[in-house]
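Biologist: I would like to go through some labels and ask what each one rests on. Please show me the structure to begin with.

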There are 2 protein chains.
Amino acid sequence: MSKDTKTVIIVAGGRGKRMGNRIPKQFLRLCDTPVLLLTMLRFYDYDNNIKIILTLPKDEITTWETIKSQLHNVPSHTIVEGGDERFFSVKNSLAYVEKGGIVAVHDGVRPFVSTETISRCFDRAQQCGAAIPVIAMTESIRYFEDEDKSVSVNRAKYKIVQTPQVFNSDILIHAYAQPYSQDFTDDASVVEKFGYPISPVEGNIENIKLTTPLDMEIAKIIGKRNLSLPLSP
Amino acid sequence: MSKDTKTVIIVAGGRGKRMGNRIPKQFLRLCDTPVLLLTMLRFYDYDNNIKIILTLPKDEITTWETIKSQLHNVPSHTIVEGGDERFFSVKNSLAYVEKGGIVAVHDGVRPFVSTETISRCFDRAQQCGAAIPVIAMTESIRYFEDEDKSVSVNRAKYKIVQTPQVFNSDILIHAYAQPYSQDFTDDASVVEKFGYPISPVEGNIENIKLTTPLDMEIAKIIGKRNLSLPLSP
């Protein structure tokens, strides 16, 4: 595999809640397009030779197959069954990633990542081995030693981490050979525990993770804007 | 002054940009009502005997007087000229706060604070002397030792801080007698430096600070919802 070969693992972990009959966020529609397809198209727009691996909870694979069969512009992709934790979903997917290339891991519910953010992450990972997009923290935060004891911290020292988190695939494969730890909050933390430094690049503010119903309404605004205006670079 | 006397200092620091002719966020309209009035009404709804102190940049006082003169439901309030930093705006306002009561400091551009959040903060401040509303952090974050060196941190140990930050007025007045420091990120940090512990209570997720144009669009959604649905308690 050439050093330039690019892969993205798209992690779509949302499960439908049987009791509430709720649709997982990755299948909801924005501008009449499923969130997951919008996300895949961002990477396809960045590089239409990129290899796309999609990891879904076992129960949701059929749902995606059904949705997909009614769409005409889905980039070709490999579906991998997810695990109980995000860690295991990525680990399962890495079995389909060849060594020697560059691999990104991206949240399926972040459809507003800009092509520029993707490009910055891949370029930096090619230079440094491990790159993540970050944006400034705009909220005041406090550190809680325990439930009652907290202290002000300087928010300028913190940044919000987004995805795609992009790595030399050899590094990511080796890092994911470690045993699972609850301290693994994202892929960067897995690679970091493995002893490899992470290089930050600028993300884009619209690259939000769609989690709550309010997020979906915000997404509609960003989606509408996005038809007429480019995302922030 | 009775221990039950309540005051709120509403800090509206936004300045119009002369070149861009932009209106400061506190004067923009949501549901046809200036943000600043919506914010004032939250506190008035909580307690219609509350004393309201409004601090505005010198240049914006006339603008507010003009806007106010065209409105019919503005609660009575005292206007205080702000300083160059938020610290000095609060300090100037404290000259109008009598000792022995409870005083809140709130951002003028947080119109979606719920009555329940206000109530929790005042109740806790009455018990403990210093209370602030916090909500869970939903984003992954990293700590930056310097521009290049960063480490993953456990986001469960951090919370996002909102306003109103509410204090026994004697404590706040004493704390604001300290010399200004750039480390003062909010009122809690001033009180904390003075050596007084801060007690956290639950905030409400809609209580966002309106800073960017996207925030204003999100605010329209929350504003519309809010006509039919209560804010989260």
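Modeller: Glu145(B) forms a salt bridge with Lys149(B). This is a predicted model, in which local features need pLDDT of at least 70, side-chain atom pairs count only at pLDDT 80 or more, and totals for chains, interfaces and linings use all residues. Side-chain values use heavy atoms, with hydrogens and water left out.

Biologist: Why is the pair Glu145(B) and Lys149(B) called a salt bridge?

Modeller: The term asks for a side-chain nitrogen of Lys or Arg within 4 Å of a carboxyl oxygen of Asp or Glu. The closest N and O atoms of Glu145(B) and Lys149(B) are 3.6 Å apart, so the pair qualifies.

Biologist: What makes Glu145(B) partly exposed?

Modeller: Buried means under 20% relative accessible area, exposed over 50%, and partly exposed in between (1.4 Å probe, protein chains only). Glu145(B) has 39%, so it counts as partly exposed.

Biologist: How do you know that Glu192(A) and Arg142(B) meet in a salt bridge?

Modeller: Their N to O distance is 2.6 Å, and the pair crosses between chains, from Glu192(A) in helix H6 of chain A to Arg142(B) in strand E8 of chain B. Helices (H or I, at least four residues) and strands (E, at least two) are DSSP runs, numbered from the N terminus.

Biologist: Is Arg142(B) buried or exposed?

Modeller: Its relative accessible area is 1%, so Arg142(B) is buried.

Biologist: Which parts does the salt bridge of Arg86(A) and Asp187(A) tie together?

Modeller: The two side chains meet at 3.1 Å, N to O. Arg86(A) lies in helix H3 and Asp187(A) in helix H6 of chain A, so the pair ties together parts 101 residues apart in sequence.

Notes:
Residues are numbered from 1 along each chain as its sequence is written. Chains are lettered from A and ligands numbered from 1 in the order in which they are written.
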